[in-house]
Amino acid sequence: MNKGLLLCCAALLLTAVGCSGQTSRTNEFSDPPPARIQVKDFAGRMITFDKVPDHIVALSNGETDIVYALGGELVGRPASTSSSLPAAAEKVEQIGSAHEVDLEKITLLRADVVLGNNPMNTKDVPVLEGVGSKVILTSANSVNEIKAQITLFGQLLQKEARAQELNQTIDDKLKQFHTAANQEKPKALLVYGAPGTYMAALPNSLSGNILELAGGTNIASNYPSLQSYPQYAQLNSERIVEANPSLILIMTHGNPEEVKKGFLKEMQQNPAWSSLDAVKQNKVEVLPSDLFGSNPGTRIIESLEWLHDMLETAAQR
């Protein structure tokens with residue numbers, strides 16, 4: 001091999017080594033890829049995001065409250081006239097509800113993620129994903145589930161520390177309601193009512209769970225659940241009279257006075273109800289719908305306080 005060819009080969013080899021070293025140094029100091037956010041919803045589905053979503057839609061008031069309590073914002077919220085909405089959410093576009101999703105509005109809002117109910121919105125997942133929105137399904141049938149919602153949304157928004165603060169506040173409130181083992185707990189009947197339709201709330205419902213945590217006894221705790229509404233049971237007049245609750249508490253989404261009037265009329269048709277302590281002492285109350293009619297979000301503390309005060313008053317009589 002001639003001398004010129006040898007020099008040429010050596011030069012090429014040095015160039016290749018130099019380029020390799022430069023590439024190695026470039027890779028060594030380049031920015032790492034952004035961390036992905038992965039959450040597991042209440043349906044056991046894993047949902048992954050490249051970053052904190054900018055366009056969030058909530059289908060229920062509770063999820064709306066939690067997002068804003070964590071320091072987040074929505075582009076779409078449920079249709080609601082509730083005065084308990086966060087002030088920052090009042091002018092946000094209304095997009096129907098978990099019962100009736102407005103797909104057109106969600107599409108126009110370019111929602112990155114929709115916060116829906118499990119299992120109610122399971123059927124809506126394919127169509128929402130079809131318009132480019134991811135879906136996170138949760139539920140709120142107990143205080144622990146609300147705390148789990150706060151934790152999950154804290155992960156989604158990268159606000160884990162704030163989520164821990166909110167949950168600690170709930171735990172601190174619950175500690176105030178612990179009663180001695182031998183202390184008698186006031187007996188109550190929780191009724192979900194609409195004109196002509198009344199059901200007893202069971203312990204596996206949110207209101208039933210709140211009742212027990214606030215220091216009350218649910219007289220319907222061992223009633224058989226309804227197949228269509230497993231958190232509720234049929235009212236049983238004989239068993240209610242036998243248990244003799246000192247409180248009858250009504251939850252409703254309708255007109256409170258109309259529902260209460262209808263329920264009292266139904267009780268009057270059964271003379272045995274007039275013997276109940278709750279009736280004799282005029283302790284038939286309609287619960288605030290924003291605290292008991294649906295998931296109140298972080299305002300669960302207010303729900304617990306409201307019912308605890310009511311139970312304490314009943315116990316003093």
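## Helices H6 and H12

The axes of helix H6 (residues 160–175) and helix H12 (residues 300–315) come within 10 Å of each other and cross at roughly 10°. Angles under 35 degrees count as roughly parallel, so H6 is roughly parallel to H12. On the H6 side the contact is made by Thr169, Ile170, Lys173 and Leu174, and on the H12 side by Ile300, Ile301, Leu304 and Glu305. By type, the residues of this contact divide into five nonpolar, one polar and two charged. The model described here is a predicted one.

## Two lysines of H6

Lys173 lies in helix H6. Is Lys173 buried or exposed? Lys173 has a relative accessible area of 13%. Buried means under 20% relative accessible area, so Lys173 counts as buried. Leaving aside its neighbours within four places in sequence, Lys173 is in contact with Ile301 and Glu305. Lys173 and Glu305 are 132 residues apart in sequence, yet their C-alpha atoms are 8.4 Å apart in space.

Lys175 also has its place in helix H6. Its relative accessibility is 54%, and exposed means over 50%, so Lys175 counts as exposed.

## The chain as a whole

The protein chain contains 12 helices and 13 strands. Of its 317 residues, 42% are buried. The accessible surface of the chain comes to about 17100 Å², and carbon and sulfur atoms account for 50% of that surface.

Contacts can also be sorted by how far apart the two residues are in sequence. Among contacts in the chain with a separation of 6 or more, 59% are between residues 24 or more positions apart.

Strand S12 (residues 247–251) is mostly covered, with five of its five residues buried. In a regular strand the side chains alternate between the two faces of the sheet. In S12, Leu247, Leu249 and Met251 point one way, while Ile248 and Ile250 point the other way, and all are buried.

Which strands pair with S12? One is strand S8 (residues 187–194), which runs parallel to S12 and is joined to S12 by five bridges. Another is strand S13 (residues 284–286), which pairs with S12 in the parallel sense over three bridges. Ile248 takes part in both pairings: Ile248 is the bridge partner of Leu189, and Ile248 also stands opposite Val284 in S13.

## The hairpin of S1 and S2

Strand S1 (residues 37–40) and strand S2 (residues 46–49) run antiparallel and are joined by four bridges. In this pairing, Ile37 stands opposite Phe49 in S2. The hairpin has five residues between the strands, and Gly44 takes a positive phi near 80° there.

## Helix H2

Why is helix H2 (residues 61–69) described as largely enclosed by the rest of the structure? Eight of the nine residues of H2 are buried, so the helix is largely enclosed. The buried residues are Gly62, Glu63, Thr64, Asp65, Ile66, Val67, Tyr68 and Ala69.

The cover over these buried residues includes strand S3 (56–58), strand S4 (76–77), strand S6 (113–117) and strand S7 (134–138). Helix H5 (143–156) and helix H6 are also included in that cover. Just after H2, Gly71 takes a positive phi of about 95°.

## Backbone exceptions in loops

Most residues other than glycine have a negative phi, and most peptide bonds are trans. Arg110 is not a glycine, but has a positive phi of about 50°. Arg110 is found in the loop between helix H3 (103–108) and S6, and is exposed, with a relative accessible area of 57%. Asn282, also not a glycine, has a positive phi of about 55°. The loop between helix H10 (277–280) and S13 holds Asn282, which is exposed at a relative accessible area of 57%.

Where does a cis peptide bond occur? Such a bond joins Asn118 and Pro119, with omega about 15°. Pro119 has its place in the loop between S6 and helix H4 (125–130).

Note on methods: Residues are numbered from 1 along each chain as its sequence is written. This is a predicted model: local features need pLDDT of at least 70, side-chain atom pairs count only at pLDDT 80 or more; totals for chains, interfaces and linings use all residues. Side-chain values use heavy atoms; hydrogens and water are left out. Axes are lines fitted to C-alpha atoms, for helices over the stretch in contact, and angles run from 0 to 180 degrees between N-to-C directions. Angles under 35 degrees count as roughly parallel, over 145 as roughly antiparallel, 65 to 115 as roughly perpendicular and the rest as oblique. Contact means heavy atoms within 4.5 Å. Ala, Val, Leu, Ile, Met, Phe, Trp, Tyr, Cys and Pro count as nonpolar, Asp, Glu, Lys and Arg as charged, and the others, Gly among them, as polar. Buried means under 20% relative accessible area, exposed over 50%, partly exposed in between (1.4 Å probe, protein chains only). Two strands pair if DSSP finds at least two bridges between them. Accessible areas come from the Shrake-Rupley method with a 1.4 Å probe; for residues, only the protein chains shown count as cover.
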